[in-house]
Amino acid sequence: MLMLPELIVIAAGFIILLLDLFLAEEKKNILGTLAFAGLLIALGRTLFSFGQQGELFGGRFVVDSVAIWFKIIFLLAGMTTVALSWDRLTGKTTDIASRMKHRGEFYTILLFSTAGMMYLISSRDLVTLYISLELSTIPLFVLVAWDRDNPLCGEAGLKYVILGALSSAVLLYGLGILYGLSGSTDLATISQKITHSPALWLSVAMITAGIGFKLTLVPFHMWAADVYQGAPTPVTAHLSVASKAAGMAFIFLLFYRVLGGAFQEWNILFAVLATITMTLGNLVAIIQQNIKRFMAFSAISQAGYLIMGFLGPFPEGLPSMLFYLYAYIFTNLVVFAVIIFYANETGRENIDDYRGLSRTNPIIAGAMMLGLFSLAGIPPLSGFVGKFFLFSVASKAGFHWLVGVAAINSTISLYYYLRIVRQMYIEPTMEDATTLQISPMLAGTIAITTLGAVFFGIIPFFYETINQTVAASDWWSVITATAR
Amino acid sequence: MGILSWIVYIPFITAVFVVFTPAPKWYLIRWISTVGTGIHLILTAVLTWKYWQVASPDFSSMKTATLTKLYLVERFPWFESWGIDYYLGVDGISVSMIILTSIVIFTGVMASWHVKNRTKEFYVLLLVLVTGVFGVFVSFDIFLFFVFYELAVLPMYLLIGIWGTGPKEYSAMKLTIMLMAGSALILIGFLALYNGAGGQTFDLLELSKVDYPKSFQIWVFPLIFVGFGILGALYPFHTWSPDGHASAPTAVSMLHAGVLMKLGGYGALRMGIYVLPEGAKYWALFFMALTTINIIYGAFGAVMQKDLKYFTAYSSVSHCGFVLFGLVTLNLIGMKGAVIQMFSHGIMTALFFSLIGMVYGRTHTRIIDDMGGLAKIMPWFTTCFYVGGLASLGLPGLSGFVAESHVFLAGFFGNPWHDLGIMRFLTILATMSIVVTAVYVLRGLAKVFQGPIKNPEFAKLTDADITERISTGVLVFTMAAVGMLPWYLIDLIESSLMPFVNRLH
C-alpha cells in the first residue's frame, strides 16, 4: 500500500493513453478531468499516509515524512500544470497561436514525469535513484518541445535534450565512482563505508554538476533562459517548480543521507554555489525584456536561496528548505498563472506589454503584485518568512557574509520585480486595452495559489506541521550517526 | 485583542473598508479614511491615558533600571519552534511616537482631500503603510518588528510612483532600493543577534539580557545603526531623501519625512544602542562625526535649493541629523533631545509638506523665485509657514527649541567614554548650523510670502478651506504645545530612557 500514490498516477497515465485512442476529439475533455482526478486521488492517499513509515523491496523504496512532503509538492505541481494548460489544450484561448494539440499524450507524459519524481524521493539505492531521475527528466524533454511547429520551441527542446543528456552522463559517472568507493548501491551502506579520498571529492563534484543542471545552479544554468522562453508556458511553470523540487530531493538524498556526516567539508561548496547562483541570476534578470526569460533568471536566483538550507545539517535546515519550497511553488505559480492568462488572451509575453494591467484587470494585477513581492521576500508574505528561515540557517552555520550577499541580492531582486509592478501600476494603459476575460480554471488557480502565497507566512500552522512531521523521519539520526 | 492590537490594525481595517467601497465614490472613501484615522486619534488619547495610569507609579523605580519595562503587553506564540512571538508592548518612547504618527496620519488624510486620481488605491496604500509604522513602534519581537518595518517602507514605491510629480519613477525606485538595502543590513544584524544568543528567542528584551562578546558587538552594531541610519537620512546615505520627498505627493511626504524617518532613529535607539551598548560606545564618536556632517551639509544644501520641496527635504536631512546626533552622545539629555526632536521634527516637517502641497495646489509652482507676496493672498498659510519656519530655526516657545537645546547641551556634557574635547568641537560645529538654518528659513519665507505679488495670476487664488485649516491648525497647535509645555512630553519619555543610559554604564 505504500506505493499506492505512485501506482495511481501511473495507472491514470495509462488509462488516459488508452482512452485517447478511442475517444472522439470533442469528448477528449474528459482526459484532463481524469488526469486531474488521478493526481488528486494520489494526493489524498499521500496525505493520509502521514505517520506511516515503511519500506519495500528490501529497503530500496522507503516512505517517510520527508518523502511525503516532497510527493505532495510534485502532485500539487502536476495538478496546477493540468489546470494551467487546460485552456490551451481545449482550444479556448483567444490567442490562437498559444493553443496546444495532442492532449492525451500531454497528460500521459506529465503523469509519468510526476511518478518519476515521486519514486525519486523514496529511493534508497543508487540504481533506483538514477532510474527515477531519468523517468522524471525524459518526459520533460518531450513536454518542452511540445509545440513542434514553433522554431523557438524546437530549439528549446534540442538544447534541453543535449545538455540534459550531458548532465545525466556526468551524474552517472559520479554515482559510479561512489559505488566503486563503497562497493554498494545502498545509500545507508555507502554513508558508512565511504572514506575521504580525492576520488570521493571527484564524485561529489560530478554529482553536484549533474544535479546543478536540474536545479539551474550557476555555472550549470546555461540552458534555462532559452528553454524557459521556448517551451509552452504551462511547461515552463512545471519546469520551474517540479523539476526544481526534484533536484532538491536528489540533493537531500545524496548530501544529507550519504554525506551528511561530512557536511563541514562540503558546505563551503554550497555557500559558494549559492552566492554565484543568486548573484548572477539577479543581475542578468535586470536586463531581460521577455517575461519568460525574466522568470528563468528569477528562478535561477531562487535556487541560490533554496540551497542555503543545506549549509548546515541543523534540525531546522530541512524544514526551512521544505517550507521555502512550498512558499516558492505557490508564489511562482501565481506569477506563471498570470503570465499564462495574459498570453492566452493577448499572445503577448514582454514585460512592457503588461502596462496598465492594474486599470483593466485590477484583481489579477493585485495577485501578480503579491506574487512578485513574495518572490522578492517582502513581509508578511510567505516568500519572506521562508527566506528569513533560510537566512537564519546560514547565519547559524556561521555564514554571516552569505546572509549579507543574500540580503543584498533580495534588494536587487526587488528592483527587477518592481519593474513589472511599475508597468502594471504606474505606466499608462495601452491604446487598445480592454478588460480581459479570465477562464474559471485560471481564476481558480490564481485564487488558490495567491491565498497560499499570502497565508503560508502568516499562519504558523504550515511551518510547524512540516517541522513536527519531518522530525519523525530518520534523516536527522542518520546525520548524527555518521558525523565525524 | 488588546488596545495595542487595535492601535495597529485600525488603519488596516479602515483600508479593508476602503477596498470594498466602489472606486467612483471617492468622496465616500476619503470620509471613511477620515473617520478611521479620527477614531485612531481618540484611541491614541485613550492609550496615552492608560499608559500614564499603569506606568506612572513605576517612574521613580526606573531610575536605576537596566531593562525596559513594558506595559499593556499582548503576547502569544507565533512560530513556536523558532521562538517567534506575536509580542506587543509599549514604553514611553513608543507612546510618544504613536501620538506623533496618529496626528500626522489624521492631518495627512485631511491634506490629501483633493486627490481625485485613483483615490481608492491611494488611501489603501497610505493606510497599509501607516499600519506598518504603528506595528514597528509597538513590536518587541524582532521578527515581528522586521515584518512591520518592511511593510512600512514598501507601499512608498507605488505612492510616489503613481501620485508623485517630477522624476517620480526614478525617485521612487531610488528610495525603495536604498531603504531595502538598509533593511538588508538590519536583517544580517538581527539574525546575528538571534544566533549569537543561541537561537532560542526573538524576544528583544531577552536578547538584550544576553552578554554578547565585545568583538561581536563591534561588527554587528554598525550594521544595525547604518541600516536604520539609511532611513534616518544618515550622511552619506541620505541621497534618497531629497529626491523622494520632492517627488512624493503631499500626504506621502508628510508621512515619510514626519514619521517614517523616525523609524530610523527609533530602530537605531531600540535595536542598536539598547541591545549592543558596547558596540555603541565603540562607534559613537565615528557616527557623531557623520551626523555632524549631516547637520551642516543639510543646512547648506537647503540654502542652495530653488524648489520649496527640495528646500524642506534638505532641511529635514539637517534636522534628522540632530536625532542621530543626540542618540550617539550616549547620555540621558542627548537621548531625550533625540526623542523630542523626532516628535518635534515629525510635526514640523508634516506641517511644511502639507503647506507646500496646499500652496502648490493653487499656484502650480514650487519654485521659490516664481512666488512672492503670497502673504497678501493667503494669510492663513503664511502664518502657519512662519510658525513652522521659526520652530525649524529653534525659536524658544516652539518645539524645535526644546529638542535642539537638549541635544547641544548633551554634546557639551559629553560622556565618560569619549574625549570631551572632540565631542565639544563637533557640538560647536553642529550648533553653527542654526545660523545657516536662520538664513535659509528667513530668506526662503521672505521670498515666497513678502514683497509685491509677482505673478498677477496669483491674486485670484484663495486662502485655506476648512479641511486645510483643520489639518494645519492641529499641527501648529501641537508644535506650540510641545514648545510651551515640554515637561509633559519629557515626563512621558524620560523614565523609559533611563534603562538605555543605565545599560551603558
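The legends below accompany close-up views of a predicted model.

Residues are numbered from 1 along each chain as its sequence is written, while chains are lettered from A and ligands numbered from 1 in the order in which they are written. Because the model is predicted, local features need pLDDT of at least 70 and side-chain atom pairs count only at pLDDT 80 or more, whereas totals for chains, interfaces and linings use all residues.

**View 1. The contact between chain A and chain B.** The contact takes 24 residues from chain A and 27 residues from chain B, where two residues are in contact if their C-beta atoms, placed from the backbone, lie within 7 Å. On the side of chain B that touches chain A, at least two residues each come from strand E1 (71–79), helix H5 (142–153), helix H6 (155–163) and helix H7 (168–196), and H7(B) gives the most, with 13 residues. Helices (H or I, at least four residues) and strands (E, at least two) are DSSP runs, numbered from the N terminus. By class, this side of chain B has 19 nonpolar, five polar and three charged residues; here Ala, Val, Leu, Ile, Met, Phe, Trp, Tyr, Cys and Pro count as nonpolar, Asp, Glu, Lys and Arg as charged, and the others, Gly among them, as polar.

**View 2. The largest nonpolar core, seen around Ile73(A).** A nonpolar core is a set of buried Ala, Val, Leu, Ile, Met, Phe, Trp, Tyr and Cys residues joined through C-beta atoms within 7 Å. A residue is buried if 20 or more other C-beta atoms lie within 10 Å of its own, exposed if 12 or fewer, and partly exposed in between, with C-beta atoms placed from the backbone. The largest core has 388 residues, of which Ile73(A), Ala245(A), Leu325(A) and Val338(A) touch the most other members, and its largest share, 22 residues, comes from helix H13 (residues 317–346) of chain A. When residues up to four places away in sequence are not counted, Ile73(A) touches Ala245(A), Leu325(A), Tyr326(A) and Ile329(A).

**View 3. Two helix pairs of chain B.** The axes of helix H13 (residues 308–328) and helix H14 (residues 332–363) of chain B come within 8 Å and cross at roughly 170 degrees; axes are lines fitted to C-alpha atoms, for helices over the stretch in contact, and angles run from 0 to 180 degrees between N-to-C directions. H13(B) and H14(B) are therefore roughly antiparallel to each other, a term for angles over 145 degrees, whereas those under 35 count as roughly parallel, 65 to 115 as roughly perpendicular and the rest as oblique. Among the residues that make this contact are His319(B) and Phe322(B) of H13(B) and Met342(B) and His345(B) of H14(B), and the residues of the contact divide into eleven nonpolar, nine polar and one charged. In the second pair, the axes of helix H1 (residues 3–19) and helix H4 (residues 119–138) of chain B also come within 8 Å and cross at roughly 170 degrees, so H1(B) and H4(B) are likewise roughly antiparallel. The residues that meet include Ile7(B) and Phe12(B) in H1(B) and Leu127(B) and Phe134(B) in H4(B), and this contact divides into 16 nonpolar, three polar and one charged.

View 4. E1(B) and E2(B) pair in the antiparallel sense over six bridges, two strands being paired if DSSP finds at least two bridges between them. The bridge partner of Tyr71(B) in E2(B) is Val90(B). Four residues lie between the strands of the hairpin, and Gly83(B) in the turn has a positive phi of about 75 degrees. Strand E2 (residues 84–90) is mostly covered, with six of its seven residues buried. In strand E1 of chain B lies Leu72(B), a residue other than glycine with a positive phi, near 55 degrees, and Leu72(B) is buried, with 20 other C-beta atoms within 10 Å.

View 5. Most residues other than glycine have a negative phi, and most peptide bonds are trans. The peptide bond from Val218(A) to Pro219(A) is cis, with omega near 10 degrees, and Pro219(A) is in the loop between helix H8 (198–215) and helix H9 (224–230) of chain A. Tyr235(B) and Pro236(B) are also joined by a cis peptide bond, with omega about 0 degrees. His102(A), in the loop between helix H3 (65–89) and helix H4 (103–122) of chain A, has a positive phi near 55 degrees and counts as partly exposed, with 14 C-beta neighbours inside 10 Å.
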